Amino acid sequence: MAIEVRIPTILRQYTDGQKAVEGSGDTLAELFTDLETRHTGIQARIVDEGKLRRFVNVYLNDEDVRFLNNIDTKLSDGDTVTILPAVAGGMH
Amino acid sequence: MLTITQALYDQIVAHAREDHPDEACGVVAGPVVAGRPERFIPMLNAARSPTFYEFDSQDLLKLYRELDDRDEEPVIIYHSHTATEAHPSRTDISYANEPGAHYVLVSTADTDGLGDFQFRSFRIVEGEVTEEEVKVVEAY
């Protein structure tokens, strides 16, 4: 099952500079575990203690997975997953 | 050094003024490689807060798709501080994920007499903050 994963600039150090890689898995959690086998270090940048990091946005096709089923969101062949770090900050 | 046109500079300042006392945020995009700020893209502060900003997640996806399609990058990522100086905070540094971008901070603290108006630019790479000179020009 092939899922296209779009990688943000900041994480391309784990993908030899590639903007998109392929992965597989029935859920997002499985997909990130699969990516880790070829792109060591990437999983910890996205997942912390089994949950998506607060300031990393993950989209399934066009939908923010926080409005789906978070890291347990189900994937299908041909889906595109986009990872984008939040653009955020503040006074403190 | 950040070189920016007077027109873009004015647009950033106007946005910061308009959203005060909330923090304003946005991007100035430019062609990849050239790295010149050209296209002003004000963003909605989804946090609508005087002490925090965050691009709305759906807007963020749309923005990055558009930049990708147009072969652009976020040359400037700007936001305002409304009661403190225009220097990256601890939060700003920990969420800075574009090592190639100029992080522009505007302080609108002068509005409430809490400090001077400031427009400053920084590079934030792996937690390391370096201030850079801002050069305002009429045209590139």
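Helices (H or I, at least four residues) and strands (E, at least two) are DSSP runs, numbered from the N terminus. With that in hand, here are some notes.

1. This is a predicted model, where local features need pLDDT of at least 70 and side-chain atom pairs count only at pLDDT 80 or more, while totals for chains, interfaces and linings use all residues. Residues are numbered from 1 along each chain as its sequence is written, and chains are lettered from A and ligands numbered from 1 in the order in which they are written.

2. Start with a loop residue. B:Leu114 sits in the loop between strand E6 (102-107) and strand E7 (118-125) of chain B.

3. What does B:Leu114 touch? Leaving out residues up to four places away in sequence, B:Leu114 touches B:Ala83 and B:Ala109; contact here is C-beta atoms, placed from the backbone, within 7 Å. B:Ala83 is 31 residues from B:Leu114 along the chain, yet their C-alpha atoms are separated by 6.1 Å.

4. Now the sheet. Chain B has an open sheet of six strands with mixed pairing, in the order E3-E2-E5-E6-E7-E8 (strands pair if DSSP finds at least two bridges between them). Strand E3 (39-43) and strand E8 (128-132) of chain B are at the edges with a single partner strand each, so one side of each has no neighbour in the sheet. On average, neighbouring strands of this sheet are turned by 30 degrees against each other, direction ignored.

5. Inside that sheet, strand E2 (residues 25-31) of chain B runs antiparallel to E5(B), with seven bridges joining them. B:Val27 stands opposite B:Ile77 in E5(B). H2(B) packs on the sheet, where it touches E2, E3 and E5 of chain B, and its direction makes about 145 degrees with that of E5(B). Such angles run from 0 to 180 degrees between N-to-C directions, with axes being lines fitted to C-alpha atoms, for helices over the stretch in contact.

6. Finally, the interface: 23 residues of chain B are in contact with 17 residues of chain A. Which element of chain B gives the most to the side that touches chain A? That's H2(B), with five residues.

7. The two chains also share strand pairing. Strand E8 (residues 88-90) of chain A and E4(B) run antiparallel, joined by three bridges, and A:Gly89 stands opposite B:Tyr53 in E4(B).

Technical notes: Two residues are in contact if their C-beta atoms, placed from the backbone, lie within 7 Å.
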